[in-house]
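Please open the model in your viewer and keep the sequence panel beside it. The stops below tell you what to select next and what to look for there.

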Amino acid sequence: MLELNAVTKRFGDKTAVDAASFTVERPMMIGIIGRSGAGKSTLLRMLNRLSDASEGSIRFEGTEITTLRGAARRQWQSRCAMIFQQFNLVPRMDVVSNVLHGLLNRRSTLSTMFNLYPQDDIHRAIEILDRLGIAEQAPKRAEALSGGQQQRVAIARALMQDPAVILADEPIASLDPMNAQIVMEALRRIHEEDGRMVIANLHTLDTARRYCDRVIGMRDGRIVFDGTPEQLTTGAARDIYGAGDDFSEAATSTEIETLDRANAPVRMPA
Amino acid sequence: MTHATLGAGEMPKTVDSIQTSYMAQVRRRRLYGGLTLLIFVLLMVSGFNIADGRNAGGFWDGLGNIGDYPADVLSEAWEKRAALPGLMVKFFPALIETVNIAAVSTLIGATAGLVLSLLATRGLARWPRLIPVFRRVMDLMRAIPEIVIALMLIFVLGGGPVPAMIAIAIHTAGALGKMFSEVAENADLKPVEGLASTGATWAQRMWLGVVPQVAPNYISYALLRFEINIRASAILGFVGAGGLGYELRNAMAWGPGRFGEAAAIFILLFGTIVAFDQLSSRYRNRLTEGYGQ
């Protein structure tokens, strides 16, 4: 389905992603882990064509993605939804309008500029919001919602695109553990119920282990791990994060129990 | 909108009821939007017709002649193209005078605008109750056209660059004060509070706490204003304030025969604006990049 071959991205003389290759045969939920600056976001942005690859090829169902131009590129972007760490909604527009932005590639520019959508579209947007449990927020402004609710609006916008692939760039990094769980469960459910491919950048091991079918580890722009969550041992994790023997998984965790365990023996210096 | 959301808050919500109430809201919004558009179009059309009716020549009749004057100037300038470099050298001192007027008035106006803006910004003002007074003062400075102030001053002080400089400086202070004050409103107050906790005076708090935050924005507005002022000082030459405008009026008023001079002056003016635009955009880029790091 999705095939990356030696995808490389350079900024000046710095290589952000260095010859990344992997193949995905069927829709699954994939977690990409690694330290910040490892090239995870750059990789997702190249998949969505928010930025261009310097070298290499990305093929989806036989179509070369990296060379698409103009309308064809935007068409691909509408099939490949993106979810951001900071939600990237339009704060002053209401929730339903934000969800309807998922249709921008399919409706005429003029009618969308005047916010004129057919009734069916509006009904579908509210049904998607209901599926994510936030239909009651429909008429509110996006900026009035909490972080977790805003991220679910962003997911609803992605679903409105009816995409084949959903890319999530650190979707839970700015959420508290409770909301992080709700958002991750929503992504997992979308994968299981709709059969869409989900690729999520995550910075915690346990989230990747719990929700993903396959984990890809990146370090300094290279893919250093690619396997099932079971294969992701502490040793493998040390390689990905480039840490020494003192590395403990709790240090990368947002789970409440592990954090408590890690914090218990620590004494604050006076 | 309040009706729909408030009403929905009381009963148990189904997707159906949410859809219905949201659709009602959308329909209302579309109705208001459509009515606004209709009124706008009607006003534009009727306004244009009234204006055109009162016009001595008529818009549609005159539209065809719009290129006549530029064509005259251009064709004559083309015939005399050999003389253009000489004319440009001849008018160069006048250009220096025009740019000088603009530079001095921008400096004085920006300084006054800085003080006025801080005095008129909520949260920063030295005397909060006087904020409306300073705002009205700035409104007044902006409201009176430069040319009116310049004419009054020329009457009192006689012709020359000084009245023009004062007139432009007054307008600049009002215009920049308004823009500066909007920037200052978004400044972070924490550093100001930090300075206040050390016993700093108002001037110290403003100069050391606010100005460093807003300086890149202020400078970029001031540079934009400088470009506008070059044009303004050229116009004031028409009413006897000296500089390039004075020469341009002479050249244009004499009519055919001196269009070569008019063309030379236009080229000088255009070149100056382009040069300063390039210069200021490069400087502004460096400023913002420097602060980005």
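Predicted model: local features only at pLDDT ≥ 70, side-chain atom pairs only at ≥ 80, totals over all residues.

Residues are numbered from 1 along each chain as its sequence is written, and chains are lettered from A and ligands numbered from 1 in the order in which they are written.

**Stop 1: chain A as a whole**

Select chain A, which has 10 helices and 10 strands; helices (H or I, at least four residues) and strands (E, at least two) are DSSP runs, numbered from the N terminus. Along the principal axes, the C-alpha atoms of chain A fill a box of roughly 60 × 45 × 35 Å. Of the 270 residues in chain A, 39% are buried, where a residue is buried if 20 or more other C-beta atoms lie within 10 Å of its own, exposed if 12 or fewer, and partly exposed in between, with C-beta atoms placed from the backbone.

**Stop 2: the six-stranded sheet**

Now select the open sheet of chain A, whose six strands follow the order E6-E7-E8-E3-E9-E10 with mixed pairing; two strands pair if DSSP finds at least two bridges between them. Its edge strands are E6 (80-83) and E10 of chain A, each of which pairs on one side only.

At one end of this order, select residues 214-219 (E9) and 222-227 (E10) of chain A, which pair in the antiparallel sense over five bridges. Here A:Ile216 stands opposite A:Asp226 in E10(A). The two strands form a hairpin with two residues between them, and A:Asp220 in the turn has a positive phi of about 50°.

**Stop 3: helices across the sheet**

Axes are lines fitted to C-alpha atoms, for helices over the stretch in contact, and angles run from 0 to 180 degrees between N-to-C directions; two residues are in contact if their C-beta atoms, placed from the backbone, lie within 7 Å. Helix H1 (residues 40-48) of chain A lies across E3, E6, E7, E8 and E9 of chain A, at about 150° to E7(A).

**Stop 4: positive phi values**

Most residues other than glycine have a negative phi. A:Glu170 has a positive phi of about 50° although it is not a glycine, and is found in the loop between E7 and H7 of chain A. Is A:Glu170 buried or exposed? A:Glu170 is buried, because 20 other C-beta atoms lie within 10 Å. Next select A:Ala19, in strand E2 (residues 14-24) of chain A, where phi is near 50°; A:Ala19 counts as partly exposed because it has 15 C-beta neighbours inside 10 Å.

**Stop 5: the contact with chain B**

Finally, show both chains, whose contact takes 11 residues from chain A and 11 residues from chain B. Helix H5 (residues 119-131) of chain A gives the largest share of the chain A side, six residues.
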